[in-house]
Amino acid sequence: MTTATEPVTVRGPVTAPPSAARIARARAALELRLYVRARQAMVFSFLYPIIMLVIFGSISIDDTVAGDVTYVQYFTAGIAATGIILNTFQQLGIRIANERDAGELARLQALGTPAISYLAGKAAQVLVTTASQLAILVVVARYAFDVPFPVDAAHWMTFVWVALLGTLAGTVLGFAVSLLPKSAKNADTVIVPIALVLQFFSGVFFVYSDLPGWMQTIASVFPLKWLTQGMRSVFLPDAAASAEVAGGWEHGRTVLVLAAWIVVGIAVCARSFRWRRVS
Amino acid sequence: MPAIEISALRKTYDGRVVVHDLDLTIEAGECFALLGPNGAGKTTTVEILEGFRSRDGGTVTVLGRDPARADRRWRSRIGVVAQTTGAALDLSVAEAVRHFGAYHASPRPTDELIEAVGLTEKANTRIVDLSGGQRRRLDVALGVQGRPELLFLDEPTTGLDPQGRRQLWELVTKLRADGTTILLTTHYLDEAARLSDRVGAIARGRLLEVAPTAEFGGELRDGATVRWRTGGLVHEVATRTPTAVVRQLLAETPDDEVEDLEIRRPTLEDIYLKLIAAADNGDADNGGGDAAHGETGRPAGETEPPSEPELPRQPRAITRSRS
């Protein structure tokens with residue numbers, strides 16, 4: 001038979017392994033599928049801002065706050081920013097810590113997965129889910145609580161770059177914060193309080209300019225405060241800018257702070273990203 | 001060219017030497033079984049070979065490269081079935097196998113692979129609903145999916161039922177026949193006897209002995225025990241010449257049936273236990289030879305492996321429903 005004469009030594013993968021881009025595409029599809037199947041992520045990061053909007057909007061629909069806008073209008077900006085942070089920083093941080101603890105990352109390492117493919121898969125999942133979340137949020141705010149859409153193309157553009165920059169910062173910081181918990185068991189208890197406290201300090205539930213100075217000072221170090229402010233510049237009338245603590249929207253500074261956090265996040269990941277649990 | 005060459009490998013943790021100047025060569029196409037109690041340095045050694053752990057001394061070459069400087073192409077040539085890997089619990093078996101196919105240049109066909117590890121009936125079951133043994137089979141499937149030249153099998157059958165073990169043995173035998181080099185670590189010595197060409201026993205970071213499976217133990221395996229019964233009395237004779245003992249026995253009882261007559265050769269397990277015991281007594285090199293004769297009546301045919309087999313770590317649930 002022919003099999004007897006065939007060289008038996010030619011075997012195994014003689015061609016190069018698939019490109020990082022191809023694995024990233026497979027990972028993106030996988031991450032989205034897993035996100036949809038994960039009830040915790042669905043409730044605590046995808047639906048949370050929408051549920052909060054409905055609750056807080058229903059409670060205080062007619063209140064007017066600083067800048068002569070309705071509370072629900074102010075809150076829409078804040079909860080949109082919160083959604084981004086929860087869906088990136090919180091959801092990713094917990095999930096990556098879990099994946100590391102369960103040995104899923106060790107398997108990826110064993111398969112020679114490029115770290116960039118893993119990151120790209122997560123980023124794609126986060127972009128798609130955050131965009132969907134914001135779309136739903138804007139529509140609910142508009143039709144249930146009369147919060148106007150961004151008034152013109154310039155405001156829509158601001159919406160896009162604030163959301164993108166926030167998503168990027170939240171994503172790399174999610175990777176970084178996943179290194180903090182020693183095991184998956186305390187991933188929630190380490191990561192959730194950070195996101196929760198920042199919500200109170202950053203002008204989500206309470207009007208930022210009404211907060212005590214020390215809270216404002218702490219919040220202004222972190223991304224969420226700048227995201228909420230950026231979102232207010234999208235959803236609030238331009239006249240409301242004068243009610244901000246700085247007397248304006250501070251777009252330049254917002255870009256700087258978020259960019260700085262992106263650099264910090266990338267630096268931490270590049271230095272200390274781990275595929276394996278610390279044993 | 002050998003698949004694995006290790007020379008004077010040393011690893012220390014906090015000043016404690018866990019791998020002690022280890023030398024070992026594994027030829028391409030060979031199935032090598034590495035035996036040793038928990039904490040002997042097995043997993044550390046294997047993880048250094050896989051490129052997951054750094055070493056403190058010695059040289060290591062795996063498939064022609066130093067694993068400490070592994071690249072993707074090198075990694076695509078090795079397969080790893082570790083005890084520490086998990087898979088997303090919310091995926092079905094088929095989804096997971098299909099997904100990981102994307103990581104390989106020429107993955108084995110999904111259905112064929114699932115069939116080979118005996119998970120066809122569970123193909124559409126979510127991993128979270130699989131038993132520990134079924135997850136182990138999935139680990140094996142994902143480890144061989146990329147048709148590796150060299151496969152690291154770390155306790156592949158722990159947690160499997162007897163049928164699952166046999167199925168896995170068949171798969172490993174097939175991989176061997178295809179020319180895959182296999183480094184097997186196992187607690188089950190019958191598994192090592194069945195699958196491996198050579199066996200190495202490691203304890204306290206040192207290789208006690210490396211030998212072809214059929215010769216493992218050297219003098220330790222020369223001894224035999226002839227056993228028979230007369231009424232309620234069990235006779236046992238430890239000897240190097242069992243045939244002579246039996247011949248004499250038969251001469252003494254030319255007409256009768258000798259009750260429960262058996263000649264028992266030391267199993268791999270007996271030899272291994274003696275080696276480890278000798279190592280624990282601190283004279284690993286020359287403590288063995290006579291022990292085969294001195295010790296009687298400890299054969300204990302059906303004993304469990306020396307240490308409690310560890311169950312594979314159950315990956316913790318990633319998602320929790322709100323309670």
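This is a predicted model: local features need pLDDT of at least 70, side-chain atom pairs count only at pLDDT 80 or more; totals for chains, interfaces and linings use all residues.
Residues are numbered from 1 along each chain as written, and chains are lettered from A in the order written. Local features need pLDDT of at least 70 and side-chain atom pairs count only at 80 or more, while totals for chains use all residues; side-chain values use heavy atoms, without hydrogens and water.

Me: Why is A:Leu47 called partly exposed?
Reply: Its relative accessible area is 34%. Buried means under 20% and exposed over 50%, with partly exposed in between (1.4 Å probe, protein chains only), so A:Leu47 at 34% is partly exposed.

Me: What makes A:Leu47, A:Ile51, A:Ile55 and A:Ile59 a patch?
Reply: They form a nonpolar patch on the surface, with about 350 Å² of accessible area together. A patch takes residues with over 30% relative accessible area and no salt bridge, nonpolar side chains being joined within 5 Å. A:Leu47, at 34%, therefore passes the area cut-off. A:Leu47 lies in helix α3 (residues 39–59) of chain A; a helix is a DSSP run of H or I with at least four residues.

Me: How do you know that β1 and β4 of chain B pair?
Reply: Five bridges join these antiparallel strands. Pairing requires at least two bridges found by DSSP, so β1(B) and β4(B) pair. B:Glu5 stands opposite B:Thr61 in β4(B).

Me: Why are β2 and β4 of chain B at the edges?
Reply: The open sheet has the order β2-β1-β4. β2 (16–26) and β4 (57–62) each have a single partner strand, so one side of each lacks a neighbour in the sheet.

Definitions and conventions: Helices (H or I, at least four residues) and strands (E, at least two) are DSSP runs, numbered from the N terminus. Patches are made of residues with over 30% relative accessible area and no salt bridge: like charges are joined within 9 Å, nonpolar side chains (Val, Leu, Ile, Met, Phe, Trp, Tyr) within 5 Å. Accessible areas come from the Shrake-Rupley method with a 1.4 Å probe; for residues, only the protein chains shown count as cover. A salt bridge is a side-chain nitrogen of Lys or Arg within 4 Å of a carboxyl oxygen of Asp or Glu.
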